[in-house]
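My notes follow in the order I took them.

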Amino acid sequence: MKVVALIPARYDATRFPGKLMAKLGDRSVILRTYEAVVKTGLFAETYVVTDSDVIHKEIIDNGGQAIKSQKEHECGSDRIAEAAEQIEADIIVNVQGDEPFTKKEPLTELLSVFEGPDADQIDLASLMQVLTKVNLIEDPNYVKVVVDQENYALFFSRSPIPYPRNKAANPKYFEHIGVYAFRKQALLDFYNTPMTILEDTEKIECLRYLEIGKKIKMVETEYMGIEIDTPEDLENAKAFIED
């Protein structure tokens, strides 16, 4: 299989505009993310896909590969799907641009499902991690996922799912980590389908895949690293580097 990594990189992030160009040590967040993905050695090619001339120049000037989006997009999947139309690949991995500490091991685990016994059933795969703190389970900024007995996604929500009507059942809660591995056709099918009602309601793009009948294999993993969603996250990341 030819596996390609695409890193969607939108400049005007809602909670932290310009965060991908913020300095993290001696390099920008997006350049660190790009270099971390390349360093894994898992991909035939790695591209940053962006709406920003500044981000495009940052990657190109530092010897990387970048693609400029030709359209406005609502979500990262749409952005990389536009680029994927012109790229030869069997599997396309989406790593968020604000993941400068991306590690090889979780991505290896993610890709391994396409060589497993149920590989022919999988349209895309994604990562999840256990949530234990009540405040995070209840926080709508943390997307939760519930899975069946084979770890296929049943639903994603910003609400706590499952609802603990019977607390004695001791349910396990999972956070969805927004790193995906798509079969190219599944990504293009998503791109060619208008936004669905559940996706629009929750503002969670992977619900569109479920609504159009795609099977999502979830892979439990340890935390990928520090995501840069807020200025506070950036300060935490700086402290992590210094340590």
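Which elements do the buried residues of α1 pack against? I find β1 (3-9), β2 (23-24), β3 (27-28), β4 (45-50), α2 (53-61) and α9 (231-242). The model is predicted, so I kept its limits: local features need pLDDT of at least 70, side-chain atom pairs count only at pLDDT 80 or more, and totals for chains, interfaces and linings use all residues. Residues are numbered from 1 along each chain as its sequence is written, and side-chain values use heavy atoms, with hydrogens and water left out.

Terms for what follows: helices (H or I, at least four residues) and strands (E, at least two) are DSSP runs, numbered from the N terminus. Buried is under 20% relative accessible area, exposed over 50%, partly exposed in between (1.4 Å probe, protein chains only). Contact means heavy atoms within 4.5 Å.

Helix α1. I noted that eight of its eleven residues are buried, so α1 is largely enclosed by the rest of the structure. The buried ones are Val29, Ile30, Leu31, Arg32, Thr33, Tyr34, Ala36 and Val37. Just after α1, Gly41 takes a positive phi of about 70 degrees.

Pocket. The residues lining the pocket include Arg32, Glu35, Pro100 and Phe240.

Strand residue. I found Ile92 in strand β6 (residues 91-94). Ile92 counts as buried because its relative accessibility is 0%. Leu6 is 86 residues from Ile92 in sequence, yet the two are 6.9 Å apart, C-alpha to C-alpha.

Charged pairs. I searched the whole structure for salt bridges (a side-chain nitrogen of Lys or Arg within 4 Å of a carboxyl oxygen of Asp or Glu) and got 14. Asp53 pairs with Lys68, with 2.7 Å between the closest N and O atoms. Asp53 lies in helix α2 and Lys68 in strand β5 (residues 66-68), so the pair ties together parts that are 15 residues apart in sequence. Asp53 counts as exposed at 55% relative accessibility, and Lys68 as partly exposed at 27%.

Notes. On a 1 Å grid over the protein atoms alone, a cavity is a set of points where a 1.4 Å probe fits but cannot get out, and a pocket is an open set with protein on both sides within 12 Å along at least five of seven lines; lining residues have an atom within 4 Å of a point.
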